[in-house]
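Here is a short tour of one protein model. Keep the sequence and the 3D view side by side as you read.

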Amino acid sequence: MRAKGIGYDTGFSFDGVHRRPFDHHVVRRELEIIRDDLHCTAVRLFGNDLDRLDFAARYAADLGLEVWYSPFTYQLDPDEMLAFLADAAERAERIRPYELAHTREVVFVTGAEVSLFNRGFLPGDSLDERTALLFSRPPNLRELVLAASTRVNEFLAKAVGVVRERFGGPVTYASVPLERVDWTPFDIVSVDAHRSKAVEHVYQDGIRALVDQPKPVAITEFGCTTHRGAAGDGARSGAIVEYADGVPVRLDGDYVRDEQEQATYLRELLDVYVAEGVDAAFACTFVCYGLPHRDDPRLDLDMASWGVVKELDGRTGDTYPDLPWEPKAAFRMLAEYYGALAT
């Protein structure tokens with residue numbers, strides 16, 4: 001596997017409020033740890049605040065990491081997304097000289113899972129409504145998915161044109177299988193590929209089919225959260241949180257913390273990617289600020305976190321005393337796995 005990567009959340013503002021801290025020293029330290037201790041060669045930076053995305057991308061480029069510049073759109077219509085992606089592509093192009101100096105690429109990710117996170121593709125005014133529709137499996141689900149796929153591909157054809165007018169590096173898009181993306185205008189085939197119990201019997205065959213075409217394949221997101229049973233739920237494993245005014249406050253039931261299940265899941269999927277010849281893979285994800293670990297199981301929001309480190313509640317860690325988190329079993333597994341691939 002050429003690019004050994006992890007996702008890094010630079011922050012989202014859906015209501016004008018930033019809930020993820022973004023201290024520049026901490027960001028740089030975390031990116032250094034991603035390179036030096038996790039042995040990553042690439043990082044997928046995602047968020048909807050382009051100023052933050054810029055800062056993180058420049059830090060990562062300066063450290064010699066391959067940057068996957070991934071602006072994330074949420075609850076936008078197609079015209080709003082095109083304007084946002086145009087701005088992002090201009091910013092990413094200005095970062096490319098940083099990478100070229102280190103002989104690494106900047107890859108532009110033209111959005112992610114737009115059919116789910118944005119308006120105008122699937123019925124529903126919100127992410128919850130759109131995903132609930134899919135999981136309810138109405139009789140006309142096939143027609144709805146085919147129509148969404150058509151709209152997604154029409155949008156992506158326009159978006160790629162907008163991006164390539166402004167950005168000179170490789171271009172991809174972080175897809176989900178239901179979108180049935182036409183990869184003709186892209187340089188890299190990229191899929192968010194969480195494995196769940198429902199698809200585990202065909203998962204490796206699906207990855208093999210992806211790789212069995214001329215373009216390099218990237219898994220832009222894979223992982224599960226940190227409770228028993230999360231591996232079977234895959235992409236839905238984080239949906240166990242109760243919110244108050246948009247802020248996570250407690251888990252929605254009784255769960256058992258299981259760091260080893262998360263670590264084993266990541267290792268098993270990496271084994272598949274290496275065996276099948278995937279070019280790049282990005283574990284989901286480094287840290288989920290806002291979901292701290294606590295001793296009380298109902299308040300241990302880290303059980304709903306995709307992070308390979310656990311945010312600590314009001315204190316710094318022991319392994320890295322200047323940082324507000326502690327590595328989990330998944331961190332140690334990933335460091336060992338990526339380190340072995342480098343030898």
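## Helix 1 meets helix 2

Which residues in helix 1 meet which residues in helix 2? From helix 1 come His24, Val27, Arg28 and Leu31. From helix 2 come Phe55, Ala56, Tyr59, Ala60 and Asp62. Contact here means heavy atoms within 4.5 Å. By class, this contact has six nonpolar, one polar and two charged residues. Ala, Val, Leu, Ile, Met, Phe, Trp, Tyr, Cys and Pro count as nonpolar; Asp, Glu, Lys and Arg count as charged; the others, Gly among them, count as polar.

This is a predicted model: local features need pLDDT of at least 70, side-chain atom pairs count only at pLDDT 80 or more, and totals for chains, interfaces and linings use all residues. Residues are numbered from 1 along each chain as its sequence is written, and side-chain values use heavy atoms, with hydrogens and water left out.

Helix 1 covers residues 24–36 and helix 2 covers residues 50–62. Helices (H or I, at least four residues) and strands (E, at least two) are DSSP runs, numbered from the N terminus. The two helices pack at an angle of about 40°, with their axes 10 Å apart. Axes are lines fitted to C-alpha atoms, for helices over the stretch in contact, and angles run from 0 to 180 degrees between N-to-C directions. Helix 1 and helix 2 are therefore oblique to each other. Angles under 35 degrees count as roughly parallel, over 145 as roughly antiparallel, 65 to 115 as roughly perpendicular and the rest as oblique. The crossing of helix 1 and helix 2 is right-handed. That label applies if the near helix is turned clockwise from the far one by less than a right angle; anticlockwise is left-handed.

## Helix 9 and its partners

Helix 10 (residues 329–341) packs with helix 9 at an angle of about 25°, and their axes are 8 Å apart. Helix 9 and helix 10 are therefore roughly parallel to each other. They cross in a right-handed way. On the helix 9 side, the contact includes Leu266, Leu270 and Val274. On the helix 10 side, it includes Met333, Tyr337 and Leu341. The residues divide into 11 nonpolar, two polar and four charged.

Helix 9 (residues 259–276) also meets helix 7 (residues 203–211). These axes come within 10 Å and cross at roughly 35°. Helix 7 passes helix 9 in a right-handed crossing. Among the residues in contact are Ile207 and Val211 of helix 7, and Leu269 and Tyr273 of helix 9.

## The nonpolar cores

In soluble globular proteins, nonpolar side chains tend to be buried together. In this model, the largest nonpolar core has 86 residues. A nonpolar core is a set of buried Ala, Val, Leu, Ile, Met, Phe, Trp, Tyr and Cys residues joined through side-chain atoms within 4.5 Å. Buried means under 20% relative accessible area, exposed over 50%, and partly exposed in between (1.4 Å probe, protein chains only). Leu31, Leu45, Tyr69, Tyr273 and Phe286 touch the most other members. Helix 3 (residues 78–101) gives the most to this core, with nine residues. Another core, of 23 residues, lies apart from it, and its members include Ala3 and Phe282.

Ala92 is found in helix 3. Its relative accessibility is 0%, so Ala92 counts as buried. Leaving aside neighbours within four places in sequence, Ala92 is in contact with Tyr69, Val106, Phe108 and Phe167.

Phe72 lies in the loop between strand 3 (66–71) and helix 3. Phe72 is buried too, at 11% relative accessibility. Beyond its neighbours within four places in sequence, its contacts include Phe12, Phe84 and Phe117.

Lys4 sits in strand 1 (residues 3–11). Is Lys4 buried or exposed? Lys4 is buried, with a relative accessible area of 7%. Lys4 and His39 are 35 residues apart in sequence and 7.7 Å apart in space, C-alpha to C-alpha.

## Backbone details

Cys284 and Thr285 are joined by a cis peptide bond, with omega about 0°. Thr285 is in the loop between strand 10 (280–283) and strand 11 (309–311).

Arg137 is not a glycine, yet it has a positive phi of about 50°. Arg137 lies in the loop between helix 5 (127–136) and helix 6 (141–164). At 63% relative accessibility, Arg137 counts as exposed.
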